[in-house]
Amino acid sequence: MTYSPDGMRTTGKSTGCESKTKARIYCEDLLKRGLLYTGLNQTFQQYAAGWFDAGSSWLQDRMACGTPGHPALSQSYIEKLQGDLRLYLMPYFENKKLQDIRPSDVKHFRTWLLQEKALSHKTVNNTVATLKIIFDTALADNVIMFDPLRGIHSLLGEDKNRDAFTVREAVKIFAADWKAPETRLVNIVAACTGMRISEVFAIRKQNLHKEYIDLTDQVYKGVLGPLKTKEARKIPIAPELYNLLAPFVKNGFAFSEADPQRPYIHLRYVLRDIGMEAARKKRQLCFHSWRHFFNTYLLAENVPPHKVAAVLGHSTGAGSMQERYTNWRPEQFPEIYAAQERLIKELKL
């Protein structure tokens, strides 16, 4: 039988030798060649430091799974992983020996995130998922002998679903005093297309056409990058919406002069000014609610769900037959155009 460095009994394996002396020589040879588990005395900090940094072996390997046009990981996700390691994993686990970390430690870690850091259940689950990336590699490389996440189930999510604006509320919102026309237009585009704010800021002269927006990328922290789903799509736009956008794209990007935070901030001011502050807090209303708004409006107008998903960029699963072999053209969305035109009239734009 064999034991791990912390004294735990492990699964025994036969050497196939006829005597203890021969068995000892056999095991010593395995040790010399690094083929017999010896365990590591590394701390979490020593093992995981710089795990997600640019140039790290893990990140290089993951990015090699993608292409320049379709990166395996988005920059925002990489930064999220780096933030989890810096803000939560290192402060809690840094001085703990890898081989000593147990499932109970992970449970205490989650409690610490919930109580001390005041994170939501969803954020805690995502942070533990980051920890799993490191532990999975340690297991595969025999750095640790068992999975500290074994038997750990995800926390149940809280029932805090983000609500959508009603058409009546949207009319009041766009009739209000916005101070800055470009921030009002950013919200209008989101309400009438379901585009994410990062996608709206990627609208520029070369991808704006009279009948559609050829969406191939998004703007993240002022830099163009792949879309969230990494799948380009063409978004139908009614003539009225094109006429609102066209004057803003003469110099390239439609909203190059706008602060990306302004649409969020100004929307909150408008909601406050029209007496919707309480509703905003209770219903979790924000800029992203326009995406829910347009999705709901299209479904209420009996637009087929698969076309709604295609326009809004809902992923149906990487590599699915639907994503790989369906290439929608703007002229194939007559229902979208009709619904969009009715919406623009209802909103009195």
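Mentor: Start with tyrosine 92, which is partly exposed, at 21% relative accessible area; the class runs between buried (under 20%) and exposed (over 50%), with a 1.4 Å probe and protein chains only as cover. Phenylalanine 109, by contrast, is buried, at 0%. Before going on: this is a predicted model, so local features need pLDDT of at least 70 and side-chain atom pairs count only at pLDDT 80 or more, while totals for chains, interfaces and linings use all residues. Numbering runs from 1 along each chain as its sequence is written, and side-chain values use heavy atoms, leaving out hydrogens and water.

Now the rings. The whole structure holds 16 aromatic pairs, where a pair means Phe, Tyr or Trp rings (the six-membered one for Trp) with centres within 6.5 Å, called stacked if the planes are under 30 degrees apart, edge-to-face if over 60 and tilted for the rest. Phenylalanine 52 and tryptophan 58 are edge-to-face because their planes sit at 90°, with the centres 5.1 Å apart. Both phenylalanine 52 and tryptophan 58 are buried. Widen the view and you get one aromatic cluster: Phe44, Tyr92, Phe93, Phe109, Trp112 and Phe135.

Together with Tyr264 and Ile265, Tyr269 makes a nonpolar surface patch with about 270 Å² of accessible area. Accessible areas come from the Shrake-Rupley method with a 1.4 Å probe. Patch members have over 30% relative accessible area and no salt bridge; nonpolar side chains (Val, Leu, Ile, Met, Phe, Trp, Tyr) are joined within 5 Å, like charges within 9 Å. A salt bridge, for its part, puts a side-chain nitrogen of Lys or Arg within 4 Å of a carboxyl oxygen of Asp or Glu.
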